[in-house]
Amino acid sequence: MALHVDGLVVRYGDVTAVDAVDLAVADREVVCVLGPSGCGKTTLLRAIAGLEPPSAGRITWDGADLGGVAPHRRGVGMVFQDFALFPHRNVAGNVAFGLRMAGVDRAAQHRRVDEVLALVGLDGYGSRAVATLSGGEQQRVALARALAPRPRLLLLDEPLGSLDRALRQRLVVELRELLTAAGVSAVYVTHDQEEAFALADSLVVMRAGRVAQRGAPEAVWSRPADEFVARFLGFENVVDGRVVRPDAFRPAAGGDVRGVVVSRTYRGDHFVVRVATDGDGPVLAVAARWTPPPAVGERVTLALDPAGVIPLGSAGRA
Amino acid sequence: MGSTGDRRRRAALVAAAGLVPAAFLAVFFVLPVGTIVGMGFHPGALVDVAGSARLRGIAWFTLWQAVVSTVLTFVVALPAAAIVARYEFPGRRLLRAAVTIPFVLPSVVVASAFEALGLSHGLVAILAAHVFFESAIVVRIVGGFWSNLDPRQEEAARLLGAGRLRAFLEVTLPRLAPALLSAAALVFLFTFSSFGIVLILGAPHYATLEVEIYRQTAQLLDLRVAAALTIVQMAAVLALLLVQRALSDRVSGEQRLRAGTDVARRPRTVRERAGVATVAGATALVLGGPLAVLVVRSFSPGGGVGLGYYRALSTSRRGSILFVPPWEAVANSLGFAVVATVVALAVGVPAAAVIARRRGGATRLFDSLLMLPLGTSAVTIGFGFLVALDERPLDLRGSPWLIPLAHALVAAPFVVRVLVPVLRSVDERLREAAATLGASPWRAWREIDLPIAARGALVAAGFAFAVSLGEFGATVFVARPDYPTLPVAIFRFLGQPGDLNAGQAAALSTILMAVTVGAVLAIDRFRAGELGEF
């Protein structure tokens with residue numbers, strides 16, 4: 001069982017939201033689509049669900065074209081941003097919805113609802129009104145609702161986007177376990193690289209409607225394809241086609257990197273200082289793990305560990 | 001959505017849903033009105049009307065009294081809408097229900113109540129009765145919409161440095177604009193087409209186009225001039241509707257429904273409490289006063305206290321203006337109201353679904369067409385029914401079915417008006433979520449839009465029921481003497497001299513009021529009962 005997207009294009013008038021995107025999702029694989037807002041990742045997801053008509057390209061499931069298939073016949077589950085729970089139904093009513101549409105009998109509905117609610121850790125929540133749930137609980141209901149009819153593919157559109165950071169970090173771990181337990185293929189859209197790295201079997205970075213890079217998360221992390229991907233992943237020091245990790249610097253009298261500290265930020269176990277290098281050179285972010293950390297205005301001389309310098313490569317590029 | 005084939009299927013579905021209201025309109029609106037216009041469209045008639053200074057004066061009066069009535073109505077009703085939407089206070093539910101009552105009362109009752117108050121015939125009486133009548137629309141539409149607005153937006157504006165008034169003007173007012181415009185359009189249309197009030201309280205000096213059409217047809221028997229006036233009236237209404245559509249298009253920011261959450265709070269400061277109490281008290285006095293006078297009158301036979309007028313209702317007196325005991329009018333009215341409500345919903349629900357889903361020019365035209373009966377003179381509709389529905393295959397002449405059909409025609413636009421904003425407020429993503437869970441577009445509508453709209457539909461049904469109970473202008477033409485409705489019976493009694501006739505009119509009015517209040521309270525109970533579990 002596999003999803004294939006070939007040369008997908010989605011246009012709104014003159015705007016091309018998705019531009020010739022290829023995507024493959026293998027059985028039980030979780031593919032994360034990572035990119036800044038407006039890069040077309042949500043549109044890609046909606047096109048897979050059948051909610052946006054493609055302007056060109058093919059979407060197939062096990063070789064069968066989904067082009068003429070209406071959203072409600074695609075067997076695709078979707079977790080929406082802000083969840084889109086039905087306000088007029090309680091938790092059980094939301095979760096049972098897809099089962100009712102599939103004509104599952106009442107007893108089986110009950111069993112499946114209980115089962116899925118247990119899976120997401122909401123046993124006994126069936127009769128609660130969705131308006132009374134916390135954000136995290138609503139997220140779980142949305143997930144349970146999408147999973148209940150056993151979709152062949154699960155689409156998740158920034159499902160944790162509206163939650164606070166601590167909850168997000170906890171739920172992302174749970175979500176990964178849940179997806180594995182449910183044994184479902186999934187496409188997960190997010191702008192948060194931490195979420196993407198925590199969840200993905202395979203990563204697709206999008207920029208302006210196109211795929212900027214794809215590959216295993218560790219491959220993308222260790223070898224960003226270009227400056228855009230590097231910066232999007234949080235690497236601040238991109239100089240002359242190379243990424244310099246903030247950890248690569250250490251104080252050394254004879255070092256090559258000389259400059260003045262222009263700012264200092266506390267990061268819990270270390271400081272990050274920004275160093276304006278001499279001769280109008282680039283401003284570099286340096287993880288200062290030594291004591292005492294350099295103060296703002298202080299001149300520093302640093303040596304560079306070659307292991308911390310990564311050339312931007314097209315190795316993992318699409 | 002998905003493919004062009006699917007889109008075509010959906011378009012077919014929407015078109016099919018539009019067929020019921022379209023067919024209903026064609027048979028029971030276009031045909032009767034077309035017949036009247038055809039009957040009287042002599043080349044000279046329009047010239048005659050345009051050349052008559054008296055008729056030009058009537059047209060001008062119709063226009064400016066509607067403007068003044070609308071402005072005065074907003075002055076009186078906006079504060080009431082504000083407190084009902086924003087504040088929790090003792091008697092709030094009662095007030096919310098009570099403001100609907102004057103609106104659904106028959107105009108003849110309101111007119112007689114204002115006569116009983118001692119207001120002499122003339123402009124002041126007409127305007128006062130209009131404000132009394134139409135305030136309900138403003139409180140219902142604006143208040144209901146207002147209570148769904150998130151008060152935190154206004155709070156955000158306050159924190160950004162806007163004063164109370166500034167925050168209202170810059171944040172709340174623009175968001176209220178669709179409701180304000182929609183309410184203003186309705187109030188204007190109703191007062192523009194005012195019939196019963198002006199007929200009774202304006203006599204003999206003031207007349208609207210409506211009243212003049214009635215006089216020309218019923219008293220002067222000049223169908224040619226009546227038809228010409230009808231054309232003028234309908235042209236004006238059409239123009240108004242086009243203006244209203246253009247306005248509402250410009251402000252059609254979609255409002256999210258905050259399902260089930262009541263944002264009202266208790267007034268906190270002394271000033272707030274005083275303000276709420278003043279507005280609530282003044283509203284109660286303005287709306288309750290005339291009705292209280294009417295009720296007292298009904299229990300005061302011959303100047304004493306007793307049930308004499310009510311007892312008289314069960315007997316068919318010799319020489320009475322009704323052929324049946326007046327009590328039967330109560331049963332007739334209730335039966336007609338049930339049928340009219342069912343028909344109005346059968347027509348209005350699919351129409352609202354079509355209008356809410358599609359925004360093309362054809363839909364807008366359809367929308368305006370559906371609103372037309374609302375602005376068309378009830379007299380025209382009633383008379384049109386009589387002259388058009390008397391041939392095979394639709395020979396309904398003398399059939400009691402004419403009454404609920406006319407009522408449904410008048411009520412259907414209300415149903416549409418109530419439902420469209422509710423249906424539009426349903427988040428598109430809810431439908432998409434339903435689709436990804438296996439619901440076809442039709443199933444998604446049934447599962448998502450319909451239940452969420454159910455509350456709106458209940459309110460719409462209540463309106464249709466109340467409109468039917470109180471409908472007068474069309475009924476007076478199609479009601480047969482052996483099937484009188486309550487308003488017709490009241491009108492007949494009011495037209496006769498003598499204390500007993502006036503007393504019976506007051507008694508019947510009180511009964512009608514009680515039935516209406518009951519219906520409205522029942523609706524409000526449903527509204528307050530939230531959506532519950534399905």
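**Helices, sheet and contact**

Modeller: In this predicted model, a kink of about 35° lies in helix 3 of chain B, shortly before the proline Pro79(B), and the residue at which the kink sits is Ala77(B).

Biologist: How far apart are the end C-alpha atoms of helix 3 of chain B, and what span should its residues give?

Modeller: Helix 3 of chain B covers residues 53–86, which is 34 residues, and at 1.5 Å a residue these should span 50 Å.

Biologist: Is His407(B) buried or exposed?

Modeller: His407(B) belongs to helix 18 of chain B, residues 402–424. A residue is called buried if 20 or more other C-beta atoms lie within 10 Å of its own. Because His407(B) has 31 other C-beta atoms within 10 Å, the residue is classed as buried.

Biologist: Which residues are in contact with His407(B), once its neighbours within four places in sequence are left aside?

Modeller: Ile381(B) is 26 residues from His407(B) in sequence and 9.8 Å from it in space, C-alpha to C-alpha. The contacts of His407(B), with neighbours within four places left aside, are Phe336(B), Ala340(B), Val467(B), Ser468(B) and Glu471(B).

Biologist: Turning to chain A, what is the strand order of the open sheet of six strands?

Modeller: Within the sheet, strand 3 (residues 30–34) and strand 8 (residues 185–190) of chain A pair in the parallel sense over five bridges, and Val30(A) has Ala186(A) as its bridge partner in strand 8. The pairing of the whole open sheet in chain A is mixed, and the order of its strands is 6-7-8-3-9-10.

Biologist: At what angle to strand 6 of chain A does helix 4 run?

Modeller: Helix 4 of chain A, residues 135–147, lies across strand 6 and strand 7 (153–157) of that chain. Its direction relative to strand 6 of chain A is about 175°.

Biologist: Which element gives the most to the side of chain A that touches chain B?

Modeller: The contact takes 28 residues from chain A and 26 residues from chain B. On the side of chain A that touches chain B, the elements giving two or more residues are strand 6 (76–79) and helix 2 (91–101) of chain A. With four residues, the element that gives the most to that side is helix 2 of chain A.

Methods:
Residues are numbered from 1 along each chain as its sequence is written. Chains are lettered from A and ligands numbered from 1 in the order in which they are written. This is a predicted model: local features need pLDDT of at least 70, side-chain atom pairs count only at pLDDT 80 or more; totals for chains, interfaces and linings use all residues. The expected span of a helix is 1.5 Å times one less than its number of residues. The bend at a residue is the angle between axes fitted to the seven residues ending there and the seven starting there. Two residues are in contact if their C-beta atoms, placed from the backbone, lie within 7 Å. Two strands pair if DSSP finds at least two bridges between them. Axes are lines fitted to C-alpha atoms, for helices over the stretch in contact, and angles run from 0 to 180 degrees between N-to-C directions. A residue is buried if 20 or more other C-beta atoms lie within 10 Å of its own, exposed if 12 or fewer, and partly exposed in between; C-beta atoms are placed from the backbone.
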